[in-house]
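Keep the sequence and the 3D view open as you read.

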Amino acid sequence: MHQTKGEIIIQNWYKTKNWEQFPFQQEMMEAYLSGYSGLLNAPTGSGKTFALFLPFLADYINQHPEDYQHKKNNGLMMLWITPLRALTNDIQKAMQSVVDDLQIPWKIRARTGDTSTAEKQAIKRKPPEVLLTTPESLHLLLAQKEYPKTFDNLQLIVIDEWHELLGTKRGVQVELGLSRLKCLKQKAHNEAEGRKPKAKSEKSNDFSKSPQVDEQALSLQLSAFSLKIWGISATIGNLEEAVQVLLGPQFPVEQTKMVKANFAKKLEIKSIIPENVEKYSWAGHIGLKLLPEVMQIVAESKTTLIFTNTRAQSEIWYHAILDNYPEYAGVIAMHHGSLDNELRAWVEEALHAAVLKLVVCTSSLDLGVDFRPVDTVIQIGSPKGVARFMQRAGRSGHSPGATSKAYFVPTHSLELLEGAALKYGIENEIFESRDPILLAYDVLIQYLVTLAVSDGFKAEETFKEVISTFAYADLSRKEFHELLEFITRGGKSLSAYDEFLKVEIEDGLFKVNDKRVAMRHRLSMGTITGDVNISVKFQSGGSLGSVEEGFISRLKAGDTFWFAGRSLEFIQLKEMTAYVKTSKKKKGQIASWVGSRMPLSSQLSAVFREKLDEVSMGLEEDEEIVALRPLFERQMQQSHLLNKFEFLIEKVESRDGFHYFFYPFEGRLVHEGLASLFAYRMTKLKSATFSIAMNDYGFELLTDEEMPLEQSIENGLFSDKHLIEDIQHSLNANEMARRKFRDIAHIAGLVFTGYPGKPMKNKHLQSSTSLLFDVFNEYESDNLLVRQAYNEALAFQLEEFRLRAALQRIQEQKHIIKTTDGPSTFAFPVMVDRLSREKLSTETVEDRVARMVRNLEKE
């Protein structure tokens with residue numbers, strides 16, 4: 001097969017580095033040079049950056065075979081979008097080293113939130129050949145005046161770690177950004193071909209009455225020589241859909257390709273099993289009882305990453321390690337998203353240089369950055385998803401052909417079964433899907449104002465672009481018209497308030513003319529929302545990171561707390577900064593952040609039920625299941641050990657009342673919905689007040705009086721009919737939607753979150769969004785943002801789709817109802833969850849749990 005000059009030069013470069021060009025990299029080269037767009041499925045550390053950057057270089061060399069090493073005014077040719085700005089440093093260095101080796105006089109630059117104003121201005125004046133950026137920074141580029149000029153010579157857009165963006169509003173931002181860039185290239189192509197679009201009158205403000213769109217005109221088909229779009233993704237359950245979301249449903253299939261790395265990655269996974277499973281914690285999520293076993297593994301490894309599921313958990317583990325193993329001072333570090341950027345960068349560089357032996361971290365180290373010295377990964381507690389565990393395990397043995405070693409540390413006994421399920425899921429490639437977000441009106445409102453802030457937009461043209469995306473393919477003209485009314489006139493409810501009349505219409509062009517509106521919009525752009533953060537700084541100077549306003553508000557001057565691995569004394573709060581000094585005290589509060597525990601994924605839930613089915617049939621091949629045998633035998637003696645064709649319900653009477661335990665094994669979010677639903681349906685037969693508790697395995701309904709359970713089942717307790725209506729009656733759907741609306745209002749720009757260094761207080765923001773929610777509910781019940789809030793509450797907080805599927809499964813199962821003398825092995829952890837949330841005046845939770853354990857041991 002004939003090779004181009006570019007391919008030959010790239011092959012020779014690989015040889016000079018003594019590197020092998022892997023088959024997937026060769027396939028990627030062929031696909032790119034053949035004009036395809038698509039998705040590269042490759043794990044971190046496999047050479048995926050070079051797999052896409054080098055074909056782009058080869059193509060450039062082919063276009064300029066004689067003078068590719070000459071300096072030219074190329075403009076921006078490649079845009080590389082990544083979800084984490086921390087990833088840009090390594091990628092930038094890798095790309096720059098290649099062009100320097102090949103003596104191609106290119107500049108590789110990054111534009112993120114960390115980029116200085118001077119550097120941003122320099123990039124605007126003279127764009128580099130390659131720009132690394134984030135979804136938010138891409139939209140900031142689109143908010144600049146005369147932004148199309150920046151993208152005149154754009155040939156390739158790469159979206160790195162697409163699996164992390166898919167299923168998030170940041171992913172929707174990417175879709176919208178791509179739709180605009182594709183349209184710019186299409187316009188340029190049409191002008192080059194001498195074709196001009198038909199002029200259409202847009203003087204009418206009633207966009208909903210515009211003529212129907214010609215579907216063929218919407219295709220925005222990109223020629224092979226025009227603009228290529230490639231995503232890079234780890235393995236997820238819906239890769240084919242991921243391609244469609246990235247490129248848009250109208251992108252021509254014949255120009256689409258998927259390239260898979262197909263590495264036979266060696267992965268060793270081992271669970272750390274407590275000596276006595278019966279004496280180990282039956283509930284909880286910290287896991288410190290296994291600290292000695294964990295540190296033995298660390299001692300035997302070169303460099304270890306200990307992954308925790310929360311920032312607070314990482315602080316607790318770091319503190320415990322230094323307390324019990326002070327010899328690790330100087331070779332241990334911590335890494336999570338609330339630490340100062342400089343601290344995190346130092347940790348990453350120290351990992352590269354093999355200076356550190358141990359890093360306690362969160363998902364902040366899940367992605368991208370390549371740490372070759374790491375040879376061991378330890379996961380504390382279940383990661384609740386197969387793909388997440390696979391990603392973290394792959395951080396060790398981080399080069400092609402190396403073996404990844406990962407250890408699973410259960411934080412309570414039954415979590416060992418999740419360890420067995422994780423192994424099975426990885427071996428059989430049962431990975432979670434990332435379901436795309438549809439019709440996010442808040443993101444679209446922000447995007448429309450972004451376009452209006454720059455050069456303005458025309459309604460018809462923009463509507464065609466927007467519905468070419470996967471997220472808005474079903475957006476109706478009526479809905480788009482309502483959004484235009486909202487940004488220009490404040491909709492039906494806010495027309496009397498000038499602050500909501502952001503966009504003006506001039507000769508059919510929607511534009512922001514008010515400089516104050518434009519500035520506030522640029523400051524508020526993005527879809528990442530959360531509690532207001534307070535900067536933590538030493539009184540003497542130096543930043544440690546940030547904690548949430550809610551945590552700091554509970555501290556008094558002189559209080560000691562632990563953050564960033566240090567004991568700190570709180571001095572004062574001034575202008576959203578908490579000033580501290582180093583404390584010598586060893587005890588104090590550990591910084592905590594608002595956030596719920598992750599629920600079991602649907603895939604891991606299904607595998608967990610399969611493993612439980614193996615237990616019921618006596619198939620005990622997994623070491624985790626063998627270790628759990630005493631607990632399963634206890635469950636059989638006390639109640640029943642169910643198989644996958646059975647649904648278990650347990651009834652217990654105690655001094656607290658009548659307990660009803662249900663075990664769907666579907667994850668805590670689904671259980672929250674099912675618990676409220678069952679309680680509501682049971683009260684149709686007999687009035688009662690329920691206390692509800694749940695974990696990932698089951699849930700408890702506790703009431704003062706015995707309930708007609710069997711009759712409730714006959715009356716459709718498990719039915720999926722009238723589900724939405726019953727959920728809305730059983731839960732405070734209004735309050736759930738109100739909580740979701742806070743973030744939606746922020747993203748849509750209904751509330752201003754403040755200027756740099758002077759953010760609005762959380763209470764003020766909450767009261768503002770709550771007032772808007774009430775206004776819309778009362779005067780504009782069909783408001784699109786309110787509708788979105790209710791839909792998000794159902795889809796994300798209750799996982800309505802999974803809840804319905806669980807009900808359908810339960811209907812087909814055999815219902816086993818057991819009356820027990822006390823809480824069974826399965827029931828005990830659920831009860832502990834309830835106790836941990838109740839206020840007990842005469843007995844601590846720990847004391848009461850210990851007493852319950854003693855009572856169980858007597859049985």
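Q: Does C361 count as buried or exposed?
A: This is a predicted model, with residues numbered from 1 along each chain as its sequence is written. Buried means under 20% relative accessible area, exposed means over 50%, and partly exposed sits in between (1.4 Å probe, protein chains only). C361 has 0% relative accessibility, so it counts as buried.

Q: How many disulfides does a search of the whole structure find?
A: Local features need pLDDT of at least 70 and side-chain atom pairs pLDDT 80 or more, while totals for chains, interfaces and linings use all residues, and side-chain values use heavy atoms, with hydrogens and water left out. A disulfide would be a pair of cysteine sulfur atoms within 2.5 Å. C183 is one cysteine you can look up, and it counts as buried because its relative accessibility is 9%. For disulfides, the search of the whole structure comes back with 0.

Q: How many salt bridges does the structure hold?
A: Side chains of opposite charge can pair when their charged atoms come close. The cut-off here is a side-chain nitrogen of Lys or Arg within 4 Å of a carboxyl oxygen of Asp or Glu. With that rule, the salt bridge count for the structure is 35.

Q: Which residue forms a salt bridge with E119?
A: Start in helix α5, where E119 sits, then look for a partner 10 residues away in strand β3. Helices (H or I, at least four residues) and strands (E, at least two) are DSSP runs, numbered from the N terminus. The closest N and O atoms are 3.5 Å apart, and the partner is R109.

Q: How far apart along the chain are R125 and T150, and how far are their C-alpha atoms separated?
A: R125 lies in helix α5, which covers residues 117-125. It is exposed, since its relative accessible area is 66%. R125 and T150 are 25 residues apart along the chain, and their C-alpha atoms are separated by 9.1 Å.

Q: What separates the C-alpha atoms of G113 and R85?
A: Look for G113 in the loop between β3 and α5. It counts as exposed because its relative accessibility is 52%. G113 and R85 are 28 residues apart along the chain, with their C-alpha atoms separated by 7.6 Å.

Q: Which residue meets K149 in a salt bridge?
A: K149 counts as exposed because it has 56% relative accessibility. The N to O distance is 3.4 Å, and the partner is E146.

Q: Which residues are linked with K270 in a network of salt bridges?
A: Here the linking involves several side chains in a network of salt bridges. Besides K270, the members are K423, E623 and E624.

Q: What is the phi of K384, which is not a glycine?
A: K384 lies in the loop between β12 (376-380) and α13 (386-393). It is buried because its relative accessible area is 10%. Its phi is positive, at about 70°.

Q: What is phi of Q103 near?
A: Q103 lies in the loop between α4 (87-101) and β3 (108-111). It counts as exposed because its relative accessibility is 55%. Phi is positive in this residue other than glycine, near 60°.

Q: How far apart in space are F773 and V786, C-alpha to C-alpha?
A: F773 is in helix α27 (residues 762-779). It counts as buried because its relative accessibility is 0%. F773 and V786 are 13 residues apart in sequence, and the C-alpha to C-alpha distance is 7.1 Å.

Q: Which residues form a negative surface patch?
A: Patch residues have over 30% relative accessible area and no salt bridge, with like charges joined within 9 Å. D514, one of the members, lies in the loop between β16 (509-511) and α18 (515-524). It is partly exposed because its relative accessible area is 38%. The negative surface patch is formed by E504, E506, D507 and D514.

Conventions
Patch = residues over 30% accessible without salt bridge, like charges linked within 9 Å, V, L, I, M, F, W, Y side chains within 5 Å. Areas by Shrake-Rupley, 256 points an atom, 1.4 Å probe, with all protein chains shown as cover. Lys, Arg positive; Asp, Glu negative; His and termini not counted. Charge placed at Lys NZ, Arg CZ, Asp CG, Glu CD.
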